[in-house]
Each structure stands twice: as structure tokens, then as C-alpha cells.
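Work through the exercises below with the structure open beside you. Each task is followed by a solution in steps.

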Amino acid sequence: MERVIVHVDMDYFYAAIEEREDPSLKGKAIVVCMYSNRGEEGGAVSTCNYTARDMGIHSAMPCRQARSIYPDAVFLPVRKDFYKEVSDDIMKLLQSNADTDEAFEQISIDEAFLEITESSSGNFKHSFEIANTIKEEVKRNAGITCSVGIGPNKLIAKMASSFQKPDGITVIEPEKVQEFLSPMPVKKLWGIGRVTEEKLSEMGIESIGELAKLDVLKLVEAFGKNRGTLLKRLASGTDESPVKEKTSSDQIGRMASLKHDSRDEKMVFELMDELVEDVIAKATSRNVAFRSITATVIYSNFKTETKSRTLNHAVYDKEILRKNAMDTMQHFLDNSRLNFRRIGIRVGNLQERTGQKSLFDF
Ligand code: TTP
Ligand code: CA
């Protein structure tokens, strides 16, 4: 099955959070500044919203210059720790939409890859619906917008997410990859910096399509073997690298699809039983106890619902997990008429198992 890879990138991230925090800023140009130790006179623009961008302000511009372009903009100092908290919540939410917790890779404070090959059944049409759901969840939970790119690999997904910004969804099906890349200038290719761009320009190469057609030997001659062959691969839209979790995560979760969309209790409970076993096995191998439990259902129309519970103490107990999971599934069954497509269970607030006991130990 062809892989289906999603890249999510928050729109004007720091400024979007400030806008959310203070609704009176809505509609105004907002510039978030990283002031240097020379106070408000020094420092550079961290980011700004699209209203400010329309005026010509952009990241890395001296704040003083931004002020002279548009003195009426709202200038705010960065609050990095706060943005990091918002980011952590968003990343958890994104991770819960990946096929497995491991099929998730955060690459910056506001960007991540997730693989949805299984949940979309390898179908790029379904993937659009999933992207929509992800955007709605981010909007509902974090109050900001994001742009989503979907493609057969990380390279294409990453480039697709910046194709329609802000608030866009771009799906590039495998057979559309060449058409998508060819007309773009080489500097848009992920991983190409200014030096490479200039060198290629001297060789008469301006578009990605031209680069893809160039004899690889010419590239090897100009850039060396590794870089030369890499450029050729990138330009042809090839990227085999897996989506994989970089740091050990603060949660363990499993999701799976029912054999077919259904609201048959037996089918739902049996599958949930397997997921609970898997999660407990993983918690055992990592020697952790958990304090929160979250169950998820994705209905046949791709709408997602989750329900979380935080326990008073960290526990390591299969029966507690199973009971919570089953109760929540029952709750979902009782409160909707839709068929279930996928279900999931995760545990979080992990702690190393030192003294925690399972209920059986008492
Ligand atoms: P980006 O994703 O590059 O930018 P953005 O989210 O502000 O805007 P876009 O809609 O184009 O995605 O960076 C994410 C955050 O990183 C950004 O909100 C602020 C911070 N940042 C800096 O502090 N300095 C910089 O030069 C850049 C580029 C980003
Ligand atoms: Ca961003």
C-alpha cells in the first residue's frame, strides 16, 4: 500500500496564540518581537500575523524596521514558555491522529508529521477528510488555524502544507507529484538553501522540473556524490525516510480500525480488549505507570470524539484501564447513532514504576 503522510504546520504560530489570548487584537496587525538586551530598540521580529505580512513585515526583520513600516501594528514581546505549553497540547492531539504513537514526528515547535496510511486505508480521498478533522480539532482545542499537506512521503507532505497557507489543505496524490513539483523554483525544494540555489542558477537550473531532468553525473560533479544524488532524488519527489518519533513520548496509545464500520458491541469490545493488552504490554516494557486514560472513537463520517479521565494516583493496572476503556466505548455507543470506524485507547502522565502497585497487590 502507498504510504499516506501528513504534515501539519500552525499558521503564524506565536502571533496566532497572542490573537487568541486577546480577542480585541482580531483584525489588527500583530508583530511578536524577540527583544535583545538593548531593549525595545534592538531585537528581531519572531513572527507576525498575515495582516502585518501584507504590509511587508516578516520574521527576522529588525523590530525597528517593522515599526517604521507600520507604527500602528501591535508589538508584543515573545512568551516562549507559554507557546511551548500550547505546542505540547497540540502535538498530543496530532499524535492521537497518527496510525500509532510511533508514527508521529514533531520537527519544530509548530510542525509535525504523522502517518495515516492505515486510518485512511491508503486512500487519498479519505485523507482529505482526516485532514479536515485534524484542523477542526486544532481549532476547537487550541483556538488557532493550521495548514495541512498530504502526500506519499514526508518531502511532498511538507511542501504541500506550505502550498495553501494559511488555513489550507493540499493533497498531492502519488501520480500528481511531478506535476506539483516541476514548475516550482528550486528554492522551494525542502532542504535547498541559498548557496545551493545560487550554484544551480549558475548551472542554468531554475525550476525543480529542470533539476529532476538534469543528468545525475552533472550534479555529482558539482555537489559531490552524496549531495548530488540527494538533490536528484528530492527533485524527483522521492523520499523513503520513515515518520518516527524522536523523543520518548509521555503517552502510550493504540488505535485500530474495525473490520468494517459497525456499532456492534461485541466487535467494538473485542477490538478494545486487544488494544488494552497492547498498551499494557508497552507500559510494562517501559516500566511505567499512568495517571490519565483517554479513549477515542472515529465515526464512519471521520468525526472524532475523545474522553479523558485523570486518576488520583498513577496506577499500573490492566483492569482499571480495561474498565475505563469499555465504559467509554459504551458511552460513545449510547450517545451516537453513527457506525464506528476506528477506536483507540491511550494512557498518559506516565511515571516510572517504582512504588506504584497494581490493585492486585493490595
Ligand atoms: P514558522 O512556522 O516558520 O512561521 P509561523 O508559524 O509564524 O508562520 P507560517 O504561517 O508561515 O507558518 O515558525 C514557527 C514559529 O517559530 C513562529 O511563530 C515564531 C518562531 N520563529 C522565530 O522565532 N523566528 C523566526 O525567524 C521564524 C521563521 C520563526
Ligand atoms: Ca508555522
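**Exercise 1.** Which handedness, left or right, does the β-α-β unit made by S7, helix H6 and S8 have?

Solution. The model is a predicted one. Step 1: find the three elements, which are S7 (residues 146-151), helix H6 (residues 154-161) and strand S8 (residues 169-171). Step 2: check how the two strands run; S7 and S8 are parallel and are joined by three bridges. One position to look at is isoleucine 150, which stands opposite valine 171 in S8. Step 3: follow the path from S7 over H6 to S8; the unit is left-handed.

**Exercise 2.** State the order of the strands in the open sheet of five strands, and name its edge strands.

Solution. Step 1: the order is S5-S6-S1-S7-S8, and the pairing is mixed. Step 2: an edge strand pairs on one side only, which applies to S5 (104-108) and S8. Step 3: neighbouring strands of this sheet are turned against each other by 15° on average, direction ignored.

Step 1: go through some of the pairs. S5 and S6 run antiparallel, with four bridges between them; here glutamate 105 has phenylalanine 113 in S6 as its bridge partner. S1 (residues 5-10) and S7 are also antiparallel, joined by six bridges, and isoleucine 5 is found opposite glycine 151 in S7.

**Exercise 3.** Why can strand S7 be called largely enclosed by the rest of the structure?

Solution. Step 1: sort the side chains by direction. Cys146, Val148 and Ile150 point one way from S7, while Ser147, Gly149 and Gly151 point the other way. Step 2: apply the cut-off for buried, which is under 20% relative accessible area. Residues on both sides are buried. Step 3: six of the six residues of S7 are buried, so the strand is largely enclosed by the rest of the structure.

**Exercise 4.** Is alanine 112 buried or exposed, and which residues does alanine 112 touch?

Solution. Step 1: alanine 112 is located in strand S6 (residues 111-115). Step 2: its relative accessible area is 0%, so alanine 112 is buried. Step 3: leaving out residues up to four places away in sequence, the contacts of alanine 112 include Val6, His7, Val8, Met91 and Leu94. Phe104, Glu105, Gln106 and Ile107 are also among them.

**Exercise 5.** Is threonine 304 buried or exposed, and what joins its side chain to that of glutamate 137?

Solution. Step 1: threonine 304 belongs to strand S11 (residues 304-315). Step 2: the relative accessibility of threonine 304 is 16%, so threonine 304 counts as buried. Step 3: a polar contact of 3.4 Å joins the side chains of threonine 304 and glutamate 137. Step 4: compare sequence with space. Threonine 304 and asparagine 97 are 207 residues apart along the chain, and their C-alpha atoms are 9.3 Å apart.

**Exercise 6.** Which residues come nearest to ligand 1?

Solution. Step 1: of the 14 residues around ligand 1, Tyr12, Ser46, Thr47, Tyr50 and Arg53 come nearest. Step 2: list some distances to oxygen atoms of the ligand. A polar side-chain atom of threonine 47 is at 2.5 Å. For lysine 165, a side-chain N or O atom is at 3.0 Å. For tyrosine 14, a backbone N or O atom is at 3.0 Å.

How values were computed
Residues numbered from 1 in each chain as written. Chains lettered and ligands numbered in written order. Predicted model: local features only at pLDDT ≥ 70, side-chain atom pairs only at ≥ 80, totals over all residues. Heavy atoms only, no water. Buried < 20%, exposed > 50% of the residue type's maximum accessible area, 1.4 Å probe, protein only. Pairing = 2+ DSSP bridges. Right-handed = clockwise from strand over helix to strand, strands pointing away. Contact = heavy atoms within 4.5 Å. Axes fitted to C-alpha atoms, helices over the stretch in contact; angles between N-to-C directions. Near = heavy atom within 4 Å. Polar contact = N/O pair within 3.5 Å; in protein donor to acceptor, adjacent residues only side chain to side chain.
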